Amino acid sequence: MNGAATLTSKRDGERLVLTAEGAWTAIHAHELEPLVEAQARSSQPVRAVDIDVAGVKRLDTFGAWLIERLARGWNARGIETRVVGLPDDYRGLIQEIHGVNLKPPPSRPRENALIEGLERIGRTLANMGRVTMLILQMIGAVTTAAARSIMHPARFRLTSLVAHIDRVGWNGVPIILLITFLIGAILAQQGIFHFRKFGADIYVVDMIGILVLRELGVLIVCIMVAGRSGSAYTAELGSMKMREEVDALRTMGFDPVEVLILPRILALVVSVPMLTFLGSMAALYGGGLVCWLYGGIDPNVFLSRLREAISMETFAVGMIKAPIMALIIGIVAAVEGMEVRGSAESLGAHTTASVVISIFLVIVLDGLFAIFFASIGM
Amino acid sequence: MAKDTKEVVIRVRDLAVGFGDKLVLDHLDLEVYRGEILGLVGGSGSGKSVLMRTIIGLLPKRSGKIDIFGVDVDTMSEEDLLMMERRWGILFQHGALFSSLTVRQNIQFPIREFLDVSEQLQDEMAAAKLEMVGLSADVQEKFPSELSGGMIKRVALARALALDPEVVFLDEPTSGLDPIGAGDFDELIKTLQRTLGLTVFMVTHDLDSLHTVCDRIAVLADGKMILAGPMSAMLASEHPWLKAYFRGKRARMAAG
């Protein structure tokens, strides 16, 4: 546009004349900057410098700043610099730019890498401690809110609870059924493939039955729910926090825990056991189907073998865990949601943290349950 | 007519925009001339923001023609559109600063993306733009969530001006500012318009802004442009809505 931008120099005795021409604008800044730098660095023995800008067709803040930078560079070395031939249109701009960036830019301190690394470790540890405290605090707040709701049942938000059960429970059914069905089928296929070498095909049924009902059913469902609903809770609460909706509730005399968090957590506590049941059944169905089609185990044989392999206790162990896992997922989602601060990045970071922490806690808790049930002989 | 000789930067002809079966802009015409500050007024929900968003290409139009810098936007290639988008800056109503970037990074974002200039020049330009909008360099490393409403607007203006656009669109620049802050902001817009030769398209409700900075005012009602002209034309009009708007109680206080 308007031709290239140029800067040429001419020596005139002890006076250096720099002639700026063309369009000194943003789009030409990348060409102009090296020219200006070259002139600023050149160490010609001159007393005075004239920057002739009469040939400048267009000027914007980028061009004006580059001219200003050139002039300041010479001035700093004690060489008198003038800007000449300035068209009236651009006088205001040059004056405006003349007044900026007078102070040196605030230095951005760079710490050394070791200290920074140590600081990160420290911060992470401190943050882990803080999140633990927040989780305990949230358990307390939710318990109080639940107790209040029991004392004043009219205050309980039934509509909200039902809506959330619909979202996390009912709407989650298809995907949970599909995934658990596939897991059951894969488990059966792998089991048959390896057990066949020992002629122990039939024990695949025991393995599927126990594994699915005791551990996998609830684990898969909880991981799915943490990813599907826990993250949604964190994002919802977080964006409400960002738009001050949570503060608005508080000022109207509502407890955000009672209005927003309790119905969500209760919805999880109600839905996850149901999903676990459905998921376990789907996994058994998938396993049975593969046993029949791939392993040649007749469905009747599968069912009678399953009846021998598992007991009510096997089923109970899985189901007892479900609501507790749900509670953990809900609490973590709520804690992370309420921790969201102003930025979009923060929302993303806390949603990630919500899913990661709840899956981690679900697995740790599952391990603790395994020890517990083993020691009480279940 | 003197203004007919002026260069038209934005020409809107017969523009219709609607949502569902509701027509928000009903075959509307508008011109914006180079170097002027045009204030767009109208009742809440009259489609001011819709008009602005349609001109900058965020909303689809049903029919009509929009020429920007003399070129029909419908006939522009992707590349031309991109080039044109560098020639305007937009200040959104709530700033729309990128919340995960610092103030400095926000202002540098368009510079970094569109211009191939050194890190040093980027830093200097960011600091210069900040100073031009009346903020000190101390806020550079802050995040938008740490700024007050007025500062957010100023930073957003600095970002809108980052590439030295020819036209800036301002969506309610003074809303949410205290009267002193709003007055300063008006003064700032006027100064920038003078020094940078900007064309300003401003959606506003602020009667003081209309009085002090706008060269021309365009009034939107019932999806049409009912009047466009200087303040004197607004005050002289006998249109009931204009009378209520410019000669109501609040207006008298603003003028008096």
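Biologist: What is the strand order in the open sheet of chain A?

Modeller: The four strands run 1-2-3-4, with mixed pairing. Strands are DSSP runs of E, at least two residues, and helices are H or I runs of at least four, numbered from the N terminus; two strands pair if DSSP finds at least two bridges between them. This is a predicted model: local features need pLDDT of at least 70 and side-chain atom pairs 80 or more, while totals for chains, interfaces and linings use all residues. Residues are numbered from 1 along each chain as written, with chains lettered from A in the order written.

Biologist: Which strands are at the edges?

Modeller: Strand 1 (6-12) and strand 4 (80-84) of chain A, each pairing on one side only.

Biologist: And in what sense do strands 1 and 2 of chain A pair?

Modeller: Antiparallel, over seven bridges, with strand 2 of chain A spanning residues 15-24. Thr6(A) stands opposite Glu21(A) of that strand.

Biologist: Which strands does helix 2 of chain A lie across?

Modeller: Helix 2 (61-76) lies across strands 2, 3 and 4 of chain A, at about 180 degrees to strand 3 (48-59). Angles run from 0 to 180 degrees between N-to-C directions of lines fitted to C-alpha atoms, for helices over the stretch in contact; contact means C-beta atoms, placed from the backbone, within 7 Å.

Biologist: Changing topic, how many residues has the largest nonpolar core?

Modeller: It has 104, and Ile51(A), Ile67(A) and Leu38(B) are among those with the most contacts inside it. A core joins buried Ala, Val, Leu, Ile, Met, Phe, Trp, Tyr and Cys through C-beta atoms within 7 Å, buried meaning 20 or more other C-beta atoms within 10 Å.

How values were computed. Two residues are in contact if their C-beta atoms, placed from the backbone, lie within 7 Å. A residue is buried if 20 or more other C-beta atoms lie within 10 Å of its own, exposed if 12 or fewer, and partly exposed in between; C-beta atoms are placed from the backbone.
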